[in-house]
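Work through the exercises below with the sequence and coordinates open. Each task is followed by a solution in steps.

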Number of protein chains: 2
Amino acid sequence: MSPVVSFVAGSRGLWEIVSVKAIAGPSLDAAAAVDVREDGPADAPSDTKWILRGVASYQRYVTREEDRELKALQEPLGRPASTDAVLIPILKSDLWWALPQDERREIFEERSHHIRTGLDALPAVARQLYHGRDLGEPFDFLTWFEFAPDGMTLFDELLHELRATPEWDYVEREVEVHLRRTEVPHD
Amino acid sequence: MSPVVSFVAGSRGLWEIVSVKAIAGPSLDAAAAVDVREDGPADAPSDTKWILRGVASYQRYVTREEDRELKALQEPLGRPASTDAVLIPILKSDLWWALPQDERREIFEERSHHIRTGLDALPAVARQLYHGRDLGEPFDFLTWFEFAPDGMTLFDELLHELRATPEWDYVEREVEVHLRRTEVPHD
């Protein structure tokens, strides 16, 4: 089982918030920084603006062949050059969740090329998906993207392409939070 | 979003526990009854033996055509004649969860006929699946079966068939909790 990851927005955190933009539905409150934590938000500081939670979980749509391509190209989070990050929380409609698995897969990949489009941005744009739906979170998904500053153009193209797809007809709420790393992470 | 459903085992509850049997891995503690609750276990009685939680969530494998067949045949939980119930918590292996979606589907249905076998027991054996994996629960799935006493033979055949499938090679822990309703539910 994967741990629950909490994105805690407040006055302090490794990732400084550059901007918060509502793409669909209500936005998230402004805050100075986001702290990404695996130890749960039990002792979140009193000036916390919001906490979003998700689980890395297992793949819902990827096939063996796509998995091979992804693993051959993708790089992990935490690369020293990845000083830019974007957190995109998404809520999909009840209509989406009522669809059977084969129709969701068809919209997701055969018609919207979600995996293919993500592959085109690898390895420059690293990403990790977190699932929040079964946790009763306000967002079904949190996607965390990381890249070097010169990857921003490629990242923007990725977003632009995905948002023009049939899959995005099912997106009810979406927020785009841009972040910048304030120091080199120490591990 | 579906609510989290809690199965609270202790001294009181609508469903009296008839037996608890470990099929694979450690069993669950004996208790007198199970209370099925949607309001969370926050105020669980002090003599609670165990609490298992899950979310009804969305379909992970069912196709449109299978969904049609299921909906045409299945009946809801809570039928007055359904005085027998069985709760089967299951944990699958890391190997299962590391498989891509297409291979899990193939094992689940094309090779193990999980949906087809369940269809054969409809409408006599009603069932509801709850997902616990993303919640960090000890079991990935809780399946609740309900039927009239004369449905027991059909139910036993269903279990027997499923446990002989390739899908069950990935089951690490499984417990079978038989229950009997102690009174007519009032709604």
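**Exercise 1.** In which loop of chain B is Gly40(B) found? Then classify Gly40(B) as buried or exposed.

Solution. The model is a predicted one. Gly40(B) sits in the loop that runs between β3 (33–37) and β4 (50–55) of chain B. The cut-off for buried is under 20% relative accessible area. Gly40(B) has 18% relative accessibility, so Gly40(B) counts as buried. As for spatial contacts along the chain, Ser6(B) is 34 residues away from Gly40(B) in sequence, with a C-alpha to C-alpha separation of 6.2 Å.

**Exercise 2.** Which parts of chain A does the pair Arg53(A) and Glu137(A) tie together?

Solution. The two side chains form a salt bridge, with an N to O distance of 3.1 Å. Arg53(A) belongs to strand β4 (residues 50–55), while Glu137(A) belongs to the loop between β6 (126–131) and β7 (141–147), so the bridge ties together parts 84 residues apart in sequence. Arg53(A) is partly exposed at 24%, and Glu137(A) is buried at 9%.

**Exercise 3.** How far apart are the closest N and O atoms of Arg163(A) and Glu176(A), and where do the two residues lie?

Solution. The closest N and O atoms in this salt bridge are 2.9 Å apart. Arg163(A) is in helix α5 (residues 152–163) of chain A and Glu176(A) in strand β8 (residues 171–181) of chain A, so parts 13 residues apart in sequence are tied together. Arg163(A) is partly exposed at 25% relative accessibility; Glu176(A), at 5%, is buried.

Notes
Residues are numbered from 1 along each chain as its sequence is written. Chains are lettered from A and ligands numbered from 1 in the order in which they are written. This is a predicted model: local features need pLDDT of at least 70, side-chain atom pairs count only at pLDDT 80 or more; totals for chains, interfaces and linings use all residues. Side-chain values use heavy atoms; hydrogens and water are left out. Helices (H or I, at least four residues) and strands (E, at least two) are DSSP runs, numbered from the N terminus. Buried means under 20% relative accessible area, exposed over 50%, partly exposed in between (1.4 Å probe, protein chains only). A salt bridge is a side-chain nitrogen of Lys or Arg within 4 Å of a carboxyl oxygen of Asp or Glu.
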